[in-house]
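Before reading on, take a moment to look over the sequence and the structure together. The paragraphs below begin with pairs of charged side chains and then move on to the nonpolar core.

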Amino acid sequence: MMTPNELTAFRDLLEHQLADLERKAGGTVSDLLLQSIGAADLLDLTTMESDRSITLRMRDRESKLIRKIRFALRRIQDGTYGECEECGEDISPARLRARPVTDYCIRCKTKLEFLEKMGRIKP
């Protein structure tokens, strides 16, 4: 079980990460529009299209992380943060520091990844 101070520290960390990600997401559309304005030739267009694709993939990953952060913040509010969704045991503080949005203890996550690799469950 986590102390109130640990929960506060994790909540502050998650809220800070969320604010950073939301700030980045807000600039993406305007950045992409500005990039497409000065394309002079086919090489420029190709480079811009590649950059755009990379940016959109990064923003997609960040969007998924935003959802995970919001879910973790809800778990802090409802008192279930730090509990493994699979086995119900406490997730180690070291694991939470490494990945504050994790839903699984290391044992259960390892098991799930193994099952995914074996094709028994979908990621």
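A salt bridge, as the term is used here, is a side-chain nitrogen of Lys or Arg within 4 Å of a carboxyl oxygen of Asp or Glu. Side chains of opposite charge can pair when their charged atoms come close. The model is a predicted one, and the structure holds 10 salt bridges.

Consider R75 and E85, which form one of these bridges, with their closest N and O atoms 3.5 Å apart. This pair links distant parts of the chain, since R75 belongs to helix α2 while E85 sits in the loop between α2 and α3 (93–98), 10 residues apart. Are the two partners buried or exposed? R75 has a relative accessibility of 5% and therefore counts as buried, whereas E85, at 41%, counts as partly exposed. Elsewhere, salt bridges that share partners join R11, D12 and E15 into one network.

Another bridge is found where the side chains of E22 and R70 meet, at 2.3 Å from N to O. Because E22 lies in helix α1 and R70 in helix α2, this pair ties together parts that are 48 residues apart in sequence. E22 counts as partly exposed, at 35% relative accessibility, and R70 is also partly exposed, with a relative accessible area of 39%.

The side chains of E49 and R52 meet in a salt bridge as well, at 2.7 Å from N to O, but here both residues lie in helix α2, 3 residues apart, which is about one turn of the helix. E49 has a relative accessible area of 44% and so is partly exposed, while R52, at 18% relative accessibility, counts as buried, because the limit for buried is under 20%.

We can now turn from charged pairs to nonpolar side chains. The largest nonpolar core has 17 residues, and those with the most contacts inside this core are F10, L14, I69, L73, I76, Y81 and L96. Which elements give two or more residues to this core? They are α1 (4–35) and α2 (42–78), and α2 gives the most, with 5 residues.

Leaving aside residues up to four places away in sequence, Y81 touches M2, L7, F10, L14, A72, R75, I76, L96 and P100. Among them is R75, the residue that forms a salt bridge with E85, and also F10, L14, I76 and L96, which are listed with Y81 among the core residues with the most contacts.

Terms used. Residues are numbered from 1 along each chain as its sequence is written. This is a predicted model: local features need pLDDT of at least 70, side-chain atom pairs count only at pLDDT 80 or more; totals for chains, interfaces and linings use all residues. Side-chain values use heavy atoms; hydrogens and water are left out. A nonpolar core is a set of buried Ala, Val, Leu, Ile, Met, Phe, Trp, Tyr and Cys residues joined through side-chain atoms within 4.5 Å. Buried means under 20% relative accessible area, exposed over 50%, partly exposed in between (1.4 Å probe, protein chains only). Helices (H or I, at least four residues) and strands (E, at least two) are DSSP runs, numbered from the N terminus. Contact means heavy atoms within 4.5 Å.
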